[in-house]
Amino acid sequence: MTPRTDVCQKCEDLRQEVASARSEDEKLEASQSFADHVKQARLERDFYRKKTKNAIEELAGTQRPEAPVTPCGTEFKSVHYTFDFAQQLSVPSRARQVGPLYFKTPRKIQWFGVVNEALPEQVNFLIDENESVEEDGKSCHNPNIVISLLHHYFEKYGFGEREAYLNADNCGGQNKNQFLLGYLAWRTMCGLHESLYYHFMKVGHTRCLVDGMFGLGRQKYRRHDCDTVYDVARVVAKSSSANVSCCYRTRPELEPNWKWRDWKTFLRCNFRAMPSIRKYQHFRFTCNEPGFVFAKESVQSEEQKVRILKRASPTWFDSEMLPVHLPEAGLSAKRQWYLYRQIRQHVSVPNRDLVCPLPDIPDTPS
């Protein structure tokens, strides 16, 4: 059997049912359930392939507009994006790792990617653990992070398209929730897009181009020594001509490349949670029906119209009126002293004061 990771739990359960079935009727029933599940997963996969093919045909031979991109400034209507988080990286990282470092907790780097399948090009956002909105980089996959990164991506790396298709995995905490739906509805209500289509493949069957680009970057990362987030950015960018790296700061002394914003509070005030959101796989938003989402359980299902805009909220928003800025939370005293005492010795001498400097705050008792 070929080893694999992140396989579909339902496929494995059905596989076991087929193997353990005793009577002919049990075997037929289990086999039919397995076939139906795979058929449905294939339909969703075919839909994804069809939309990416349309995007490739539409953008063939075109160049991305200069940033900042003017919303709805082009006639494109089939641009396709996929976004996801990769497993976190850490620094310092060594191609020849010393034993003691394996049992310690180095500095964490979060990795979020958005790929435009038509080019193809993936922008990889790399975030040091002191640059997140919660102390020590905690809860870095929450909607405030995801939406802030998506908003920055559309402003700087988008095509100014009128309509776009977005694909993500089925993680409720970061992708399939009231805040992402509210944000996409908000974009169509303030003229940043005319229509948006947000779709998911079946759980366990979500592998796509963004995962392949993560894989290329990780292979390169494992073969190089990295002391800082900037080292990681250079390695990821060199892993493929289609991989682009973007750090929170280009250099430590510069201003951030984007701002974290409190999208959760802003969207919670204006948009309600969608009932039974987990059962739907496809969502459509249009400026012609502000505040509504059109949802489908599968690619073959009928659309259901659901109002997610609260009654007291306006049906039009000003795109310049953004949520409040969230500052970086930095590192706790405990974490700073841990890095200084336990990790500093593993960092190259020129980078020690950048990665694990001597803390200027008292140590907290353990």
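Me: At the start of α7, which backbone nitrogen does a side-chain oxygen of T228 reach?

Reply: A polar contact is a pair of N or O atoms within 3.5 Å; within protein, one must be able to donate a hydrogen and the other to accept it, and residues adjacent in sequence count only if both atoms are side-chain atoms. Here a side-chain oxygen of T228 comes to within 3.2 Å of the backbone nitrogen of Y230, at the start of α7. The model is a predicted one, in which local features need pLDDT of at least 70 and side-chain atom pairs count only at pLDDT 80 or more, while totals for chains, interfaces and linings use all residues. Residues are numbered from 1 along each chain as its sequence is written, and side-chain values use heavy atoms, with hydrogens and water left out.

Me: How many residues of helix α7 are buried?

Reply: A residue is buried under 20% relative accessible area, exposed over 50% and partly exposed in between (1.4 Å probe, protein chains only). Helices are DSSP runs of H or I with at least four residues, strands are runs of E with at least two, and both are numbered from the N terminus. Helix α7, residues 229-238, is mostly covered, with seven of its ten residues buried. The buried residues of α7 are V229, Y230, D231, V232, A233, V235 and V236.

Me: What covers the buried residues of α7?

Reply: Contact means heavy atoms within 4.5 Å. The cover of the buried α7 residues includes the strands β2 (89-91), β3 (107-116), β4 (121-128) and β7 (243-247), together with the helices α6 (209-222) and α10 (352-355).

Me: At what angle do the axes of α4 and α5 cross?

Reply: Axes are lines fitted to C-alpha atoms, for helices over the stretch in contact, and angles run from 0 to 180 degrees between N-to-C directions. Angles under 35 degrees count as roughly parallel, over 145 as roughly antiparallel, 65 to 115 as roughly perpendicular and the rest as oblique. The axes of α4 (residues 143-157) and α5 (residues 178-189) come within 10 Å and cross at roughly 30°, which means that α4 is roughly parallel to α5. A crossing is left-handed if the near helix is turned anticlockwise from the far one by less than a right angle, and right-handed if clockwise; that of α4 and α5 is right-handed. From α4, P143, V146, I147, L150, H151 and F154 meet F179, L180, Y183, W186 and R187 of α5. By class, this contact has nine nonpolar, one polar and one charged residues, where Ala, Val, Leu, Ile, Met, Phe, Trp, Tyr, Cys and Pro count as nonpolar, Asp, Glu, Lys and Arg as charged, and the others, Gly among them, as polar.

Me: How far apart are the axes of α1 and α2?

Reply: Helix α1 (residues 9-20) and α2 have axes 8 Å apart and pack at an angle of about 160°, so α1 is roughly antiparallel to α2. The crossing of α1 and α2 is left-handed. K10, C11, L14, R15, E17 and V18 of α1 make the contact with A30, S31, S33, F34 and H37 of α2. Five of these residues are nonpolar, three polar and three charged.

Me: Where does C72 lie, and is C72 buried or exposed?

Reply: C72 lies in the loop between α2 and β1. C72 is buried, with a relative accessible area of 13%, and has a positive phi of about 55° although not a glycine. The loop between α2 (24-59) and β1 (79-85) also holds P68, and the peptide bond from A67 to P68 is cis, with omega near -5°.
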